[in-house]
Amino acid sequence: MEFMLGWFANPVFVNGDYPQVMKDSIALKSEQEGRNSSRLPEFSEAEKARIVGTHDFFGLNHYSTQLIENFVYGNTFPGWETDQDTRTHFDRDWPLSGKAGFFEVPWGMRKVLVWIKDHYNNPEILITENGVSDDRENKGSLDDQQRIRFFTNYTNNVLKAIRLDGCNVVSYTAWTLMDNFEWASGYSATFGLYQVNFTDPELKRVPKESVNFFKELIADNGWPTPTYAETREWKWF
């Protein structure tokens, strides 16, 4: 967490500097590599004073979760990944989305929110992106039950983080309104509540079933009405 989220958040929310674990690890590896100084740049005291506290809120994009274990890489391939001396895994029982490496792990969202609360003095959190790509078996179908399940379970864990853990979450944004160009995945990953026909010059947009779910979620300011939930045979957590 410190090498990913803390890399950017620690300077702004804590002390104007990189996390201590990053500084110590990279300094040691740099020394072992025969360098005269750490590969991690150092902030001056003036820079630290200027950086710390320069925030209005904590913006979080979250899509998936990984399992981490200790693993010593040595100094053969120096870089951000090997500096951590960890490696990542996924539980094969986790549902896989249509984007490689993105698994459905709703409790991971709650854990991240609690971690932010505990490490950064419970700032206002705006969840700026959270969503799932259509799974490969059902891509092209408008009956996107995976997305409904995803938003049901993820918003549930956000609610738990707020009500049970005291996290100061003030906003949640689903990614995304309609299928679009997803960076390196291009048009192959479809995250939208609305399906877009990219071969049609008019780019026709058609609502998926998740639109009905999200309309209920917004209209009720929370969980969908029992009538709709019962028709979909959902299990509440």
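Begin by selecting helix H7, residues 209-219; helices are DSSP runs of H or I with at least four residues, strands are E runs with at least two, and both are numbered from the N terminus. Glu-209, Ser-210, Val-211, Phe-213, Phe-214 and Leu-217 are buried in this helix, that is, under 20% relative accessible area with a 1.4 Å probe and protein chains only. An α-helix has 3.6 residues a turn, so residues three or four places apart point the same way.

This is a predicted model, in which local features need pLDDT of at least 70, side-chain atom pairs count only at pLDDT 80 or more, and totals for chains, interfaces and linings use all residues. Residues are numbered from 1 along each chain as its sequence is written, and side-chain values use heavy atoms, without hydrogens and water.

Next, select Asn-221, which comes after H7 and has a positive phi near 55 degrees. Asn-221 is also among the residues nearest the centre of the second largest pocket, together with Thr-155, Tyr-172, Leu-217 and Gly-222. A pocket is an open set of points on a 1 Å grid over the protein atoms alone, where a 1.4 Å probe fits, with protein on both sides within 12 Å along at least five of seven lines; lining residues have an atom within 4 Å of a point. Sixteen residues line this pocket, and H6 gives the most, with six.

Now select Tyr-172 in strand E5, the bridge partner of Ile-127. Strand E5 (residues 169-174) runs parallel to E4, joined by four bridges.

Definitions and conventions:
Two strands pair if DSSP finds at least two bridges between them. Buried means under 20% relative accessible area, exposed over 50%, partly exposed in between (1.4 Å probe, protein chains only).
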